[in-house]
Amino acid sequence: MGTSNHGRTDAFHGGDPLNSGARWYYTARNAERDPVSALDTKVRADRGHHRSINESLARVISRQYEEHSSWSYQLHYDNLAALARAHLELRPMPSYASVRRYMQARGLLKKPRKRKRDPTEPLRRGKGHYEVRSYEREYVNALWHLDFHLGSRALLDQKGQWCRPHLFACLDDRSRLCCHGQWYWDETAESLSHGFSQAVLKRGIPGELMSDCGSAMKAAEFREGLADLDITHAMTLPYSPHQNAKSEVFWNQAEGRFLPMLEGCRDLTMTRLNDAFCAWVELDYNRGLHSEIGTSPLERFLSDKNVGRASPDSDSVRCAFRMRNARQQRRSDGTVSIAGQRFEVPSRYRHQKTIYVRYARWDLRVVDMIDGRTDTVLCRLFPVDKAQNADGRRRVLKPLPQDDVSPAEPPPSGMAPLLRELMAEYSATGLPPAYLPKGEQRANNDHKTENDK
């Protein structure tokens, strides 16, 4: 037993134990700075490299992963083995463990399989070419985040159906302050304009707004409103929710802190939900400590430099979120068609063929006729009231502006100027008129006959 143990000890130390101890001693003694580091295990020179994966096989693995990122490692290995049997440059074929370690080290991880072809696949594939970094604007009201969130709590609507309302929220990028939040039954341009107008009236006009590419955000009414208020609209890339991550964090607060406090309310209505949410936002979220900024959103919003502009009055903000469109005036009755409804144009504009109007499709109570060049409001248009028009009373048409400068009874102008010019030019040639007057020819013939007699 002793001989056997001594033999294993020599094999472990690679020779005489005394020689090994001396080698360690002199190695530590000759070390310039740290003798312990000198005795540490040396890192292999080929660490981080895969000697069993040659350059040709590495290219094949990368190309095969790009085409089939949802394959398992075993399926990748089986296909590589089939290629190695057909191509000599891929041999010798490494083991399955070596291929799997190589792919994991290079980030070639298995991705979930797509059920159907997505037209935005090139966008999602190209997203990985750019790094993701956190960002924050330097001043308050420099950038706002806007989005809708489908709530998890269902409510009964007026039709007696269970519907999940949408939460609208507008957050300041610098302070994380919720400028305005409200629950709506739908995610439309009307709800978007209604909620964003309240945020502007409360906190002022921001310099830039970031949102996703939803249909409500791309509506003509909302884009015209942002242009009138001089707000730059930046949209996130498709399949890039991290660009609007501050809104995503706010949804977690609403779902994890606010809605659980309403679990005991069975007959929850939309009015009750908005009343509770308004109180929670203003007194709990905006005044609570935010772990990312180290203070409350309201305190940072009030203390930091504010680059926002003062908000106009409510009527100006409401009128800003309307679309601009051109309509052809019908000359027979002086009307234009807007959203399937006829509107009367004042008679003083009856000479204009194209009429420019501004309106919101969800509110046709206020439709303005504007100047096509300066966007100045000229007058307000009203729908046709056929019942009132049936009384037979009509106004006398007033003269148009160009009629006021002309005389009431213009004198006869005589021959047209062009025809007079042509006659003078023809007379200057000296040629006789190229026609025979029928009446004068008969008179000359009669006179010649009398002389002959």
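What is the volume of the largest pocket? About 1,100 Å³, counted as the space filled by probe spheres set on grid points joined across faces, edges and corners. Before you click around: this is a predicted model, where local features need pLDDT of at least 70, side-chain atom pairs count only at pLDDT 80 or more, and totals for chains, interfaces and linings use all residues. Residues are numbered from 1 along each chain as its sequence is written, and side-chain values use heavy atoms, with hydrogens and water left out.

Stop 1: Select E344, V345, S347, N389 and R395, the closest to the pocket's centre of the 28 residues lining it. A pocket here is an open set of points on a 1 Å grid over the protein atoms alone, where a 1.4 Å probe fits, with protein on both sides within 12 Å along at least five of seven lines; lining residues have an atom within 4 Å of a point. Now colour β13 (377-383), which gives the most to the lining, with 4 residues.

**Stop 2: the sheet.** β13 also sits in an open sheet of 6 strands, ordered β8-β11-β12-β13-β10-β9 with antiparallel pairing. Strands are DSSP E runs of at least two residues, and two of them pair if DSSP finds at least two bridges between them. Look at β8 (323-328) and β9 (335-338): each has a single partner strand, so one side of each lacks a neighbour in the sheet. Next, pick I338 and find its bridge partner in β10, Q341.

**Stop 3: Q64.** Jump to helix α4 (residues 55-67), where Q64 sits. At 10% relative accessibility, Q64 counts as buried (under 20% relative accessible area, 1.4 Å probe, protein chains only).

Note on methods. Buried < 20%, exposed > 50% of the residue type's maximum accessible area, 1.4 Å probe, protein only.
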